[in-house]
Amino acid sequence: MDDVFKIIDGPESEIRDPLKNELQIFFGSSMSLAPANDQGAPIEISHIRQILKKECDFFSALDGLLVGMDPEFPKKIRARSIRTADRLLSSDRDLERRVRQSFLVPVNSQEWDPGGGLHFAEEFSAEHAKSLYWPMAT
């Protein structure tokens, strides 16, 4: 049986055929690949949507924390990013664990502002974000 590739752009998106070069770009990049189902095909689309939602939330939470301590962004964007990350982190313990494992690595304090992220997290009562910034900021 020939492999058939399809694209789903988001948890609520329709399944579609790939556009020209999309698969080459995807498989030729440094993106991480993981099987959606260890048992192989067929895979229920509802299962794919659940995985995609979890990965989108993981990216959004991690990205929100990083933007929150990036001194090049204005306060309004940093604060909004921290609140978004905190909302996601507070909704899912497994997500918080995954983000914590990826986030708590040594940072270059010249590029990042974990103290500023901690300050904004405290200002907006973003307790989950605060607990992730605190070890880097102190």
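This is a short tour of a predicted model, from the whole chain down to single residues.

Before selecting anything, note that residues are numbered from 1 along each chain as its sequence is written. Local features here need pLDDT of at least 70, side-chain atom pairs count only at pLDDT 80 or more, totals for chains, interfaces and linings use all residues, and side-chain values use heavy atoms, with hydrogens and water left out.

**Whole chain.** Colour by pLDDT, the predictor's confidence in each residue, from 0 to 100. The protein averages 84, and 85% of the residues score at least 70. Now show the secondary structure: there are 6 helices and 2 strands, in the order β-β-α-α-α-α-α-α along the sequence. Helices (H or I, at least four residues) and strands (E, at least two) are DSSP runs, numbered from the N terminus. Among these elements, helix α1 (residues 22-27) has the lowest mean pLDDT, 70, and helix α3 (residues 75-91) has the highest, 95.

**The core.** Select Leu 65, Ile 82, Val 99, Phe 103, Ala 129 and Tyr 133. Of the 20 residues in the largest nonpolar core, these touch the most other members. Such a core is a set of buried Ala, Val, Leu, Ile, Met, Phe, Trp, Tyr and Cys residues joined through side-chain atoms within 4.5 Å. Buried means under 20% relative accessible area, exposed over 50%, and partly exposed in between (1.4 Å probe, protein chains only). Of the protein's 138 residues, 27% count as buried.

**Tyr 133.** Keep this residue selected and show its contacts (heavy atoms within 4.5 Å). Leaving aside neighbours within four places in sequence, its partners include Gly 64, Met 69, Pro 114 and Ala 121.

**α4 and α6.** Select 93-103 and 127-137. These helices pack at about 20°, with axes 11 Å apart; axes are lines fitted to C-alpha atoms, for helices over the stretch in contact, and angles run from 0 to 180 degrees between N-to-C directions. α4 and α6 are therefore roughly parallel (angles under 35 degrees; over 145 is roughly antiparallel, 65 to 115 roughly perpendicular, the rest oblique). Glu 96, Val 99, Arg 100 and Phe 103 in α4 meet residues of α6 including His 128 and Met 136.

**α3 and α6.** The axes of α3 and α6 come within 7 Å and cross at roughly 100°, which makes α3 roughly perpendicular to α6. From α3, Ile 82, Asp 86, Leu 89 and Ser 90 take part in the meeting.

**Ser 125.** Finish in the loop between α5 and α6, where Ser 125 is found. Ser 125 has a positive phi of about 50°, although it is not a glycine. Ser 125 is exposed, with a relative accessible area of 53%.
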